[in-house]
Amino acid sequence: MDITKTRAELVIRALRKLIVVGSGQSPEDEDVALVDEVVDSTLADLATRRVVYIANENEIDVAVFEWVADVLADNVAADFGKARNPAMVEYAEA
């Protein structure tokens, strides 16, 4: 069982949470690039607000992976025509 996940896995998980890519399907390169552009600012924001600090984006602890993916997905939701969900982000950050 993996104890860490990578930045690439985080991006794909966020896309799946947005239902941009289905299970077992590969995401479009432009969708991956769009989400990847937001990873650094999302992780920096979470660290600055002392929600969670990820020292290495290629070693994301599985204990926080899903929650970080939720926040990342919300940060790019509008780019994919989806509504943002502040209540879900608040829950994920708690």
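Visitor: Why is Asn-85 called partly exposed?
Guide: The relative accessible area of Asn-85 is 36%. Partly exposed covers the range between the buried limit of under 20% and the exposed limit of over 50%, so Asn-85 is partly exposed. This value, like the others here, is computed from a predicted model.

Visitor: Where does Asn-85 lie, and how far is Asn-85 from Ala-14 in sequence and in space?
Guide: Asn-85 belongs to the loop between helix 3 and helix 4. In sequence Asn-85 and Ala-14 are 71 residues apart, while their C-alpha atoms are 14 Å apart in space.

Visitor: Which residues does Asp-74 touch, not counting residues up to four places away in sequence?
Guide: Asp-74, a residue of helix 3, touches Asn-85 together with Arg-84, Met-88 and Val-89 under that condition.

Visitor: What makes Asp-74 count as buried?
Guide: Buried requires a relative accessible area under 20%. Asp-74 has 6% relative accessibility and therefore counts as buried.

Visitor: Which residues make the contact between helix 2 and helix 3, and how do they divide by class?
Guide: Helix 2 contributes Leu-34, Val-35, Val-38, Val-39, Thr-42, Leu-43 and Leu-46, and helix 3 contributes Val-68, Val-71, Leu-72, Asn-75 and Val-76. By class there are 10 nonpolar residues, two polar and no charged ones.

Visitor: How do helix 1 and helix 3 cross?
Guide: The axes of helix 1 (residues 7-17) and helix 3 come within 8 Å and cross at roughly 65°. This crossing, too, is right-handed. Among the residues in contact are Leu-10, Arg-13 and Ala-14 of helix 1, and Phe-65, Glu-66 and Asp-70 of helix 3. The contact of helix 1 with helix 3 has eight nonpolar, no polar and five charged residues.

Visitor: How many aromatic pairs does a search of the whole structure find, and why is the pair of Trp-67 and Tyr-91 called edge-to-face?
Guide: The search finds one pair. The ring centres of Trp-67 and Tyr-91 are 5.5 Å apart, with 70° between the planes.

Visitor: Are Trp-67 and Tyr-91 buried or exposed?
Guide: Tyr-91 has a relative accessible area of 59%, which is over 50%, and is therefore exposed. Trp-67, at 37%, lies between 20% and 50% and is therefore partly exposed.

Visitor: What is said of the phi angles of Ile-19 and Arg-50?
Guide: Most residues other than glycine have a negative phi. Ile-19, however, has a positive phi of about 60°, and phi of Arg-50 is near 60°. Ile-19 is in the loop between helix 1 and helix 2, and Arg-50 in the loop between helix 2 and strand 2.

Visitor: How do you know whether Ile-19 and Arg-50 are buried or exposed?
Guide: Exposed means over 50%. Ile-19 at 68% therefore counts as exposed, and so does Arg-50 at 78%.

How values were computed: Residues are numbered from 1 along each chain as its sequence is written. This is a predicted model: local features need pLDDT of at least 70, side-chain atom pairs count only at pLDDT 80 or more; totals for chains, interfaces and linings use all residues. Side-chain values use heavy atoms; hydrogens and water are left out. Contact means heavy atoms within 4.5 Å. Helices (H or I, at least four residues) and strands (E, at least two) are DSSP runs, numbered from the N terminus. Ala, Val, Leu, Ile, Met, Phe, Trp, Tyr, Cys and Pro count as nonpolar, Asp, Glu, Lys and Arg as charged, and the others, Gly among them, as polar. Rings of Phe, Tyr and Trp (its six-membered ring) pair if their centres lie within 6.5 Å; planes under 30 degrees apart count as stacked, over 60 as edge-to-face and the rest as tilted. Buried means under 20% relative accessible area, exposed over 50%, partly exposed in between (1.4 Å probe, protein chains only). Axes are lines fitted to C-alpha atoms, for helices over the stretch in contact, and angles run from 0 to 180 degrees between N-to-C directions. A crossing is left-handed if the near helix is turned anticlockwise from the far one by less than a right angle, and right-handed if clockwise.
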